[in-house]
Amino acid sequence: MTKGTVLVTGASGYIAGFIIKDLIAGGWAVRGTIRSLAKADAVRASLGLTADQLPLMAADLTADPGWNEAAAGCDFVQHIASPLPTGAVRTDDDLIIPARDGALRLLRAAKAGGVKRVVMTSSVAAMYYGMAGKDRTYNEANWSDLTAPTTNAYAKSKTIAERAARDWVAAEGSGMEYCTINPALVLGPVLGTDFSGSLAVVTKLLGGELPGLPAIGFGICDVRDIAAAHIAAMTTPGIDGGRFLCSGDYLAMADVAAILKSRLADQAKRVPTLRLPNFLVRLSALFDPEIKLVIPELGRTRVADSSHARAVIGWNPRPAAETIVDTARSLIAAGLVKG
Ligand code: NAP
């Protein structure tokens, strides 16, 4: 006897893998969507699950087929699928259209299928961008400014998708609850070889792929704590419409490098110590579109206030230093750091 059935979208993804494992361990029946069933065996193998434990169905965010069948009869949905770029993108619409239209497809299917609550993974990217002031604290009242030139394609996709989903639920979703988890940079151990682009910060530092440390930083959260936040947002009563910013400690890139150096000794020998002056980063950005993406972050501190998530869904993140060390050890053990 299970507690109920949960649909997890984007079951091939990094965060989704931890949510699936925790849901099953917690007594829920889980089904997942993936873009193509060709990945099904690899997804189950990376999670150590059988086809009985994790039925997978094909559904692409950009097309209608599969969504109704996937959501039919589920009690809850964890809507996690959304494109996460590893670098510069061709056009903003490459991210915006799947993120927004996919969320709407999922919501329509969930409502038709009798789902009680949808938890959607949004992001701090839907909160942080285009605000004046270099050193700011952010909370759930903030929305990224879509008109600001510094709001990148990913931030637009997450802002537009979350707004469109909230508008749809307000207009058409009566009887179905909705809330979002808005994580900062998600790091942590890996379950297989297919992991999120967000871990690039650690893989590039460990692999000696960065000449130095730009003056940027991140709110860091652990994938295990983000999985817990999603499950708490699914089961906590009375939080319809909730928006939960989940970020642990804020660390500068130089702090991340120092933690790796001090805790991993020789395994961190390629991690740079040189702090790159902003003018040099700006100059490099003229030739490298990936570096151009970090220019608006230079010298900026974005501190997140996660007190709402702590108070309402009992979120209790671990220290960022622990997450960084666990990320690095896991990547090294899996042979995923360039030698
Ligand atoms: P990920 O491993 O890249 O997972 C993204 C998932 O979305 C994958 O399962 C991917 O499927 C799926 N997807 C992308 N485009 C799709 C499409 N057109 N149709 C169907 N599925 C599609 O990244 P992640 O870090 O776990 O991200 C999961 C969610 O968390 C995303 O909504 C992301 O915006 C959000 N988030 C992530 C972070 C972070 O730091 N990682 C922070 C805040 C929010 P394929 O395997 O087929 O590509």
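Q: What kinds of residues make up the shell around the ligand?
A: There are 13 nonpolar, nine polar and four charged residues. Here Ala, Val, Leu, Ile, Met, Phe, Trp, Tyr, Cys and Pro count as nonpolar, Asp, Glu, Lys and Arg as charged, and the others, Gly among them, as polar.

Q: Before we go on, what sort of model is this?
A: This is a predicted model, where local features need pLDDT of at least 70, side-chain atom pairs count only at pLDDT 80 or more, and totals for chains, interfaces and linings use all residues. Residues are numbered from 1 along each chain as its sequence is written, and side-chain values use heavy atoms, with hydrogens and water left out.

Q: Thanks! Which residues are the closest to the ligand?
A: Ser12, Lys39, Ile80, Tyr154 and Ser196 are the closest of the 26 residues that surround the ligand.

Q: How much of the ligand's accessible area does the protein cover?
A: The protein covers 89% of the 890 Å² that the ligand has on its own. Accessible areas come from the Shrake-Rupley method with a 1.4 Å probe; for residues, only the protein chains shown count as cover.

Q: New topic: how many salt bridges are there?
A: The count comes to 15, taking a salt bridge as a side-chain nitrogen of Lys or Arg within 4 Å of a carboxyl oxygen of Asp or Glu. One of them pairs Arg117 with Glu177, with the closest N and O atoms 2.8 Å apart.

Q: Why does that pair tie together separate parts?
A: Arg117 lies in strand E5 (residues 117-121) and Glu177 in strand E7 (residues 177-183), so the pair links parts that are 60 residues apart in sequence.

Q: Is Arg117 buried or exposed?
A: Arg117 is buried, at 5% relative accessible area, while Glu177 is partly exposed at 26%. Buried means under 20%, exposed over 50%, and partly exposed in between (1.4 Å probe, protein chains only).

Key. A residue is near a molecule or strand if one of its heavy atoms lies within 4 Å of it. Helices (H or I, at least four residues) and strands (E, at least two) are DSSP runs, numbered from the N terminus.
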